[in-house]
Amino acid sequence: MSELITKTAAELAAAVASGEVSAAEVTAAHLARIEAVDGQVKAFLHVASDAVAQAEAIDAKRAAGEPLGPLAGVPVAVKDLFTTVGMPTTCGSRILEGWHPPYESTITSRLRDAGAILIGKTNMDEFAMGSSTENSAYGPSHNPWDLSLVPGGSSGGSAAAVAAYEAPLSLGTDTGGSIRQPAAVCGIVGAKPTYGGSSRYGVVAFASSLDTPGPLARNVLDTALLHEVMSGHDPMDSTSIDAPVPPVVEAARHGDVSGMRIGVVTDLSGDGYQPGVLSRFAEAVELLESLGAKVTEVSCPHFKYALPAYYLIAPSEASSNLARFDGMRYGLRAGSGSAEEVMAQTRAEGFGAEVKRRIMLGAYALSSGYYDAYYGKAQQVRTLIIRDFQAAFEQVDVLVSPVTPTTAFPIGERADDPMAMYLADLCTIPSDLAGNAAISVPCGLAPENGLPVGLHVMAPSMADDRMYRVGAVVEAALQSRWGHPLLAEAKGLAS
Amino acid sequence: MTVMYEEALQKYEPVFGLETHVELGTRTKMFCGCTTVFGADPNTQVCPVCLGLPGSLPVVNRLAIEYAIKIGLALNCSIASWCRFARKNYFYPDMPKDFQISQYDEPLCADGYLDVLVGGETVRVGIERVHLEEDTGKSLHVGGATGRIQGAEYSLVDYNRAGIPLVEIVTKPVPGTGYMAPEVAKAYVTELRDVLRSLGVSDVRMEEGSMRCDVNTSLSVLGSGVLGTRTETKNVNSLRSVERAMHSEIERQAFVLDTGDRVIQETRHFHEDTGTTTSGRSKEEAQDYRYFPEPDLVPVAPASSWVEEIRASLPELPSARRSRLLSAWSLSELEFEALRNAGALDVVEATVAHGASPADARKWWLGELARKANDAGVEVSSLPITSEAVARVSALVSAGTLNDRLAREVIDGVLEGEGTPDEVVEKRGLAVVSDDSALLSAIDEALAANPAVAGKVRSGKVAAAGVIVGAVMKATGGKADAARVRELILERLS
Amino acid sequence: MITRDEVAHLARLSRLALSDQELDHLAPQLDQIISAVAQVQEVAAEGIPPTSHATGLTNVFRDDEPAPCLSPGQALSQAPAEELQRFKVPRILVEE
């Protein structure tokens, strides 16, 4: 294993900038790693054929003495729902197989401007609907800790790619937990920025009012670096917040919780949570207290309705967002007969089971006669959850909980049991409904199975820096206790 | 198949409503920066947003909001202090996202009215709502009969029109207009068109589809007070068609009711060629649009200061102009309507502004010039003569420099491009002969040639002088001022 | 309880040509999910305003300034079929 692939993004950017190593060498090392392990991990759906050319362009710039961007020469793996010119975008779906978008997403375009190497497109649950990547039309990705396990989802490919050292950074999207949950079960860091903090332009929509692009990396500082580069106001996205990006990198460099008020959400624990998850979480809370944080318990009584509200709001929006995949203008066209028949056959053939379930669930919730009882009610619950957060953030600076009730589960275990699958997002959904920021940081291995557990830190909207401050402290303290990063303990490919 | 219109109206009371879609005249589309030029090559004014490509997002055109508020204010609506866009979900190949961004239960403007003038009477048409939405693409149906959708083998879609801002103006149901209903409907659309034109928010060209009407019609049994089932007639794309479509639909529904059937709530399509409607899809069979607030757009909350600023910038509206001109020009409602229907309001007003009397200005534009326009098959306002020129001709007549016949010749000259009225007078030598000595010699010649007539006049039969006037006019080639000639004859013979 | 007929109706509404087998499989799953999400109806939410947008933003507009369009070539590049610089689609049955 080349040393280059174990370096952090911060180290790589510095080494490329100083000329210690070329962007081409960095890229070649990662391409070699992909070549070596991705046959087993299956994190990537597409590897950029021009990755080396992108790197050489960076090296040429450096040679010419031109200024380099903050991520110059650092490979980034991109979840396959960001539109990219020159690479297909499939969203893990048969219906978009071979689609070459004629335009670039705002975020990937910012990454290119920052000098990042877009090394490839990663696997995901179809249209980001799922928590395991098993809903990908192109087969599941595998957890680098144990290839028989899921890497989480929907950004499972992005999490697996980073955990397997195929890329130091990756992009994901979080709608109900799709960045934080895979980060937790793969033992890496993943952040959901404030909704509106990172642009959705060119991010194929699942649920528009929830979808939030965000960064994944092997450590808190790298996560913050990517967070900062990808974020900021975008006039192409009407829901984008026109305000400065919170100082996340600064916070990640200077983690400190002394005097910080931290609330433990009592509603996010108890039955259904794996004991090892709860014990590692409790230890992390004790650690924070020992580092000077003032820890209290906080109740958010409406969080228990977050999951049902989410499974009304997200499918409703999805049923509308996914209507355009009808075989008329792009993507798959199947069947024969009238336009109406071809649309219905295309969609029946092009969408997988989970997508169909959610489209129909959404159509149901929005139907005349059911709207008030389902979609309307869910929107009210959303208000109550926002109020729970507001009340909590009057007492504390951040909230903490486990990221997901269990560690990584075996591929196939929940594949045809949607309700069991949905539970994976129990703790992450409230922040999505409220549009707040949240992060998952590794906090140890569950004693019963030796698999990674994540600490979930939730911050108010546009206070993303707070969660990095906490994350950085926890990471530093635990690594000094363990003597190495958590990933070093992985028995599988993540080592 | 149908009953006669008059017969139908003896038993039934028509209630109608109109939904009018108007393409706004913004430079760019509702939610993206694509241009909106009419008649451009197919798919040259499209981008990821209006093509509905995965990942693309809409951003609202501020000017479209401003135009919609303008329309709402002109139609006496209240403007919402907070409202949202909503998605109307249905599948159709010319709709790129398979939903339309529209507004549902929170329209930008609501609850107004428009007064329209029909046969000298004012009818107040209530406005339910004015909301914004996006237009769809256009399909070309290939194979089968004459480009119709029925029997076509396939269709070709051009998305240039997709995303052009549309304002939908919905009336409240209009009852109580009896047999005048189709005429009132037409007058409403005409008035609405004039309002929109005066606001400068749309080119309102029905023939290019920038203004399109759906006509809702129902019949209730006279005196029953029970509303009938309504049908929605689409594709009504000219003022005349509005009237014809409703007329035909009243006859059809009366026939259905007379035969004991019930009217089906459905969409119907109007056919210009036959003047009749045919059944489209039935609304009773599950068209569930599943409206919900558009999550990709944030709410619109126009500040009252902005609304007031827009209100202050409104131009004079047709109804205000009507009252002003009625009193300033001492017109009857019917005379006003004649002017408006002739499309001559602007030119007459401009002619008056250039110094002509309202009566003279109307006389020229509704008389001689209207005939010329009619002969040429153009609108009177597009004749190649300016209001200033008409005012000048009128002034020359008042000054006695031209008589009516010469004035018409001057107008011919101007229309033929010979220059200003004064230049035409000069070039064609058209001024009346105002030199008394020249007239007197012509009078003397005429008197000499008609001694009997001269005698009659002398003996007091003044009316006989006309013969001499005629002879003088003939001798001067019509360039004499007949009144002056008469005066001179009478002086000569007194 | 959602019936198989209702599920078939939802499939038609969603333009999904599902086989009988798929409908049989989906109907009980949807029923299970719908009963679970119906929990939101337990919440006392009278007088609580619905949230459709969490950012609280209003009045996000763009100026009426033209931006570059795609070329027709780019626009049509991914079309399953094209003719006369237009997207070619199968015959349309219902007039809108």
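**Ground rules**

Two residues are in contact here if their C-beta atoms, placed from the backbone, lie within 7 Å. This is a predicted model, where local features need pLDDT of at least 70 and side-chain atom pairs count only at pLDDT 80 or more, while totals for chains, interfaces and linings use all residues. Residues are numbered from 1 along each chain as its sequence is written, and chains are lettered from A in the order in which they are written.

**A helix pair in chain A**

Let's start with α10(A) (residues 306-321) and α13(A) (residues 372-395), whose axes sit 9 Å apart at an angle of about 125°. (Helices are DSSP runs of H or I, at least four residues, numbered from the N terminus; axes are lines fitted to C-alpha atoms over the stretch in contact, and angles run from 0 to 180 degrees between N-to-C directions.) That angle makes α10(A) oblique to α13(A), oblique being what remains once under 35 degrees (roughly parallel), over 145 (roughly antiparallel) and 65 to 115 (roughly perpendicular) are taken out.

From α10(A), A:A306, A:A309, A:L312, A:I313 and A:S316 meet A:Y374, A:Y375, A:A378, A:V381, A:R382 and A:I385 of α13(A). By type, the residues of this contact split into 9 nonpolar, 1 polar and 1 charged. (Nonpolar covers Ala, Val, Leu, Ile, Met, Phe, Trp, Tyr, Cys and Pro; charged covers Asp, Glu, Lys and Arg; the others, Gly among them, are polar.)

**Where the chains touch**

Chain A puts 32 residues into the contact with chain B, and chain B puts in 25. On the chain B side, that's 16 nonpolar, 3 polar and 6 charged.

**Around A:V76**

Leaving aside residues up to four places away in sequence, A:V76 touches A:L111, A:A116, A:I117, A:L118, A:I119, A:A167, A:L169, A:S170 and A:L171.

Definitions and conventions:
Helices (H or I, at least four residues) and strands (E, at least two) are DSSP runs, numbered from the N terminus.
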